[in-house]
Structure formats: C-alpha cells, structure tokens
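This briefing concerns the structure shown below. Please read the points that follow alongside the sequence and the model.

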Amino acid sequence: RQKVILDCDPGHDDAIALLLAARHPALELLAVTTVAGNQSVEKTSLNALKVCSLANILEVPVAKGMNQPLIRPARHAADIHGDSGMDGPEMPPPTCSLVPQHAVDLLIEMLLQSDGDVVLIPTGPLTNIATAMRREPAILPKIQAISLMGGAISVGNVTASAEFNIWADPEAAALVFACGRPITMVPLEVTHQALATGEIMQRLKAMTGPVPAFVADLLTYFADSYRQVFGFPSPPIHDPCAVAALIDPDVIAYKEMHVAIECRGQWTEGRTICDIYGKTELPPNVRVGYALNFERFWTLLLDTLQLY
Ligand code: BDR
Ligand code: CA
C-alpha cells in the first residue's frame with residue numbers, strides 16, 4: 001500500500017478526500033495534518049476530527065498545523081464553506097482528539113523516520129509543507145512525491161487569475177513548487193470536471209450508512225455555494241481528485257511543464273504560471289493534470305465510500 005499523509009483544510013471537499021484516503025485499499029493513511037485555509041486552523045482541525053469520529057477513522061493521528069500563511073494575513077473562504085468551514089451536515093462533537101504534536105513537527109518526524117516512501121497529499125494552502133521544508137531540509141529526499149490540489153492552467157476561482165489554495169499562501173507554494181521533488185498538480189481544469197451531477201447524487205443517495213449520507217449532506221450545501229457564487233449547475237469536488245490521482249494513474253491525463261508561482265503580480269498574485277509551450281526554456285518541475293476521466297473518478301470514489 002502507498003503510504004500517504006493528507007495535509008488539508010476541511011472544507012467540504014477536503015472531508016471527502018479524507019474519507020477516500022483513509023479507506024481506499026491501495027493507500028495507507030499515516031496522518032492527517034490540518035492547516036488554515038477554508039477557515040482558521042482551529043475550525044479546520046475540529047472538522048477533521050468530526051469526520052474521523054463519524055467515519056470511525058480512529059487509528060490515524062490528526063495534528064493541528066499553521067494558522068497563518070508564511071508572511072501574509074490569513075484569508076478564508078466562508079463564502080464557499082460557511083462559518084464553520086464545513087457548514088451543512090449536522091454533526092455531533094468529535095469523540096477523538098488531536099495529537100499533542102504540531103503538524104509541522106509530525107510531518108518532519110514521520111518523513112525522517114520513513115524509508116522515503118511517503119507521498120504528501122496537500123489539499124489546502126501549502127503553509128505546513130513549506131514550513132516543514134524550511135525547518136528541516138533533510139525531509140526533502142524523504143518525500144517520495146507530492147500530489148496536490150491547487151492552481152489553474154488558465155483562470156482562477158478566487159481572483160480572475162488565481163486558485164484559492166495557491167493564492168492563500170503564494171510564498172509557501174513558491175517554495176514547494178521549487179523543492180525539486182516530483183510534483184503532481186491537480187488544477188481547476190481537472191477538478192471542474194469532477195462535478196457531483198444529479199446522476200452522481202442519485203447514486204450516492206442510493207447508498208446506505210452514515211458516511212454516504214454525510215457526503216450527500218456536504219454536497220447539498222456545496223452545490224448551493226457553487227450555484228450562488230459561480231453559477232455552476234453542480235459543484236466540483238476538487239480535493240478528492242488529488243487522492244484519486246495517486247490511486248489510479250489513468251483517472252487524470254497529464255503534461256509535464258515548468259510551473260512558477262506569481263507572488264507579486266498586480267492582477268495575478270497567486271497564479272500558477274504553467275509553461276505549456278516551453279516558452280521559459282526552464283526544465284519541467286511539475287506534472288500538470290488537464291483532463292479527468294469522469295466515470296473512472298466517480299466509480300473509484302463511490303466504491304470507496306461504500307466500504308464504510
Ligand atoms: C480549493 O479551495 C478550497 O475551497 C477547496 O477545499 C479546494 O481545496 C479549490 O480551489
Ligand atoms: Ca481544500
């Protein structure tokens with residue numbers, strides 16, 4: 001089984017990414033680390049614990065991480081995810097708790113102790129990962145790869161140029177994208193194809209048990225947000241795509257290219273500059289997804305949810 005650490009900011013779609021990473025038989029989820037993004041790290045951590053309690057994911061440590069981007073004030077996404085960061089489902093308080101260790105310390109410790117066989121799956125701003133890399137560069141050769149949800153080849157979702165996870169902490173993203181380890185970037189072009197359509201919702205609602213019901217509640221709220229904010233007919237399930245990318249090499253189509261992070265643009269701050277045509281003549285540092293196999297993705301995700 002592929003060892004993974006999920007670094008997330010739940011977040012409706014992060015919650016589903018967590019459920020996928022924890023139960024898919026091809027993965028071994030070593031830890032969940034939380035970061036500020038969709039909401040404060042207090043809120044995203046509480047949400048991670050609620051998901052773990054509900055789904056009985058009690059063997060995986062959950063560690064709270066950075067509450068602020070590296071150098072900027074925090075910017076959250078309450079318009080999409082609500083005041084709690086995971087509005088919608090009615091959830092009891094969690095029955096499990098955080099480990100005492102800081103997420104950055106846990107990341108460093110687990111990577112240093114590993115055989116270099118751990119893949120990081122960031123589905124929020126890259127603050128924890130960048131902080132760990134700065135504090136302990138010896139983790140770099142221990143990172144097998146990074147499969148992240150973030151960025152866009154063309155237009156953004158939080159500004160005209162930028163995608164939320166990169167825009168929320170561009171300096172952290174710049175550090176991670178330049179780290180020299182293999183990076184798979186799952187951008188909006190891919191995740192906007194992972195729509196929870198009416199047909200998908202029917203398949204989900206036909207499933208039994210509290211976990212599929214919870215996911216249906218999440219997606220109902222998420223659908224309202226995306227209808228109101230973007231005018232989308234169905235919501236895109238971003239973060240599970242970065243997990244699915246690791247499970248099934250054929251779920252996403254990729255192209256290797258150089259990607260830089262814009263930290264200073266007047267209009268383009270937080271943009272992922274994807275050099276599709278090799279104009280910079282810089283060597284490729286990222287494998288960028290551009291197309292999703294819709295049926296393959298949803299079958300993988302729904303089959304895994306059915307295991308709960
Ligand atoms: C990303 O931003 C967050 O709102 C989602 O959880 C996802 O990780 C999409 O831009
Ligand atoms: Ca997220």
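**Helix packing, ligand shell and overall fold**

In this predicted model, the axes of α1 and helix α11 (residues 240-247) approach within 8 Å and cross at roughly 25 degrees. Because angles under 35 degrees count as roughly parallel, α1 is roughly parallel to α11.

**Contact between α1 and α11**

- On the α1 side, the contact is formed by Asp13, Ile16, Ala17, Leu20 and Ala21.
- On the α11 side, Pro240, Ala242, Val243 and Ala244 take part.
- By class, eight nonpolar residues and one charged residue make up this contact, with no polar residues.

**Surroundings of ligand 1**

- Ligand 1 is surrounded by 15 residues, of which the closest are Gly11, Asp13, Ala77, Phe164 and His238.
- At least two residues of the shell come from α1 (12-23), and at least two from α6 (164-168).
- The shell comprises seven polar, four nonpolar and four charged residues.

**Overall fold**

- Twelve helices and nine strands are found in the protein chain.
- The radius of gyration of the chain is 18 Å, close to the 19 Å given by the globule rule for 308 residues, so the chain is as compact as a globular protein of that length.
- The C-alpha trace spans about 50 × 40 × 35 Å along its principal axes.
- Of the 308 residues, 52% are buried.
- Among contacts with a separation of 6 or more, 82% are between residues 24 or more positions apart.

Definitions and conventions. Residues are numbered from 1 along each chain as its sequence is written. Chains are lettered from A and ligands numbered from 1 in the order in which they are written. This is a predicted model: local features need pLDDT of at least 70, side-chain atom pairs count only at pLDDT 80 or more; totals for chains, interfaces and linings use all residues. Helices (H or I, at least four residues) and strands (E, at least two) are DSSP runs, numbered from the N terminus. The radius of gyration is taken over C-alpha atoms; the globule rule is 2.2 Å times the number of residues to the power 0.38. A residue is buried if 20 or more other C-beta atoms lie within 10 Å of its own, exposed if 12 or fewer, and partly exposed in between; C-beta atoms are placed from the backbone. Two residues are in contact if their C-beta atoms, placed from the backbone, lie within 7 Å. A residue is near a molecule or strand if its C-beta atom, placed from the backbone, lies within 6 Å of it. Ala, Val, Leu, Ile, Met, Phe, Trp, Tyr, Cys and Pro count as nonpolar, Asp, Glu, Lys and Arg as charged, and the others, Gly among them, as polar. Axes are lines fitted to C-alpha atoms, for helices over the stretch in contact, and angles run from 0 to 180 degrees between N-to-C directions. Angles under 35 degrees count as roughly parallel, over 145 as roughly antiparallel, 65 to 115 as roughly perpendicular and the rest as oblique.
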